[in-house]
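Have the model open while you read.

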Amino acid sequence: MSPRYLITGATGGLGWAVQHALRMRDDTEVVTMARGEHALPPPVINWDFSADAAETTKVIKSLGPLDGIVHAAGVEVIAPLRLTSDAQYRAAMMAADSAFAILRAAASKGVMVDGGSIVLMSSVAAHRGTPGMTAYSAG
C-alpha cells in the first residue's frame, strides 16, 4: 500500500511546497485540506479549522490510516495591535486550536500507521518581532 499523507494549509507557502514535493513521488497519496477556492489537485477537503473540534476529528478519522500529517494551516493578520479586531485575533489563534484538534484526531485508533509522523509548523514570527504582526505572532 502506498504511503498516505494529510497536508493542511496546502495553499500557503510551506503547505503548498510540502504537498507538491510529496506529489512528485510516484508511490505517495496526498490528501490536502484548504480553505476556500483553490487549484490543488484532488483529493482536497475544503475545510475551515474554525469549525467545531469534534467535526475536525471526525473528518481526519475518516481519512485513516495515514503515514503522516503536516499541519501548516494558519491565518496571517498584519495590523497594528490597536487596529487588530477581536475577530482578526480569533482567526489568528485558530492555528493553535486546530493543531490540538489534529493531534487529538491522530491519537485515535486507526488514524495513524505504526511509526507515522506528525509535523506541526509554526512561524518564526513568534520568536522575532515584526511590526504589525502582533496577533499572528501570539499564535
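1. Two salt bridges turn up in the structure, a salt bridge being a side-chain nitrogen of Lys or Arg within 4 Å of a carboxyl oxygen of Asp or Glu. As background, side chains of opposite charge can pair when their charged atoms come close.

2. Before the details, a caveat: this is a predicted model, where local features need pLDDT of at least 70 and side-chain atom pairs count only at pLDDT 80 or more, while totals for chains, interfaces and linings use all residues. Residues are numbered from 1 along each chain as its sequence is written, and side-chain values use heavy atoms, with hydrogens and water left out.

3. One of the bridges joins Arg4 to Glu29, with 3.1 Å between the closest N and O atoms. Arg4 belongs to strand S1 (residues 4–8) and Glu29 to strand S2 (residues 29–34), so this pair ties together parts that are 25 residues apart in sequence. Strands here are DSSP E runs of at least two residues, numbered from the N terminus.

4. How buried or exposed are these two? Arg4 is buried at 18% relative accessibility, whereas Glu29 is partly exposed at 33%. The cut-offs are under 20% relative accessible area for buried, over 50% for exposed and partly exposed in between (1.4 Å probe, protein chains only).

5. Asp27 and Arg25 also form a salt bridge, at 3.8 Å from N to O. Asp27 is partly exposed at 38%, and Arg25 is partly exposed too, at 39%.

6. Ala39 is exposed, at 81% relative accessibility.

Conventions. Helix = DSSP H or I, 4+ residues; strand = E, 2+ residues; numbered from the N terminus.
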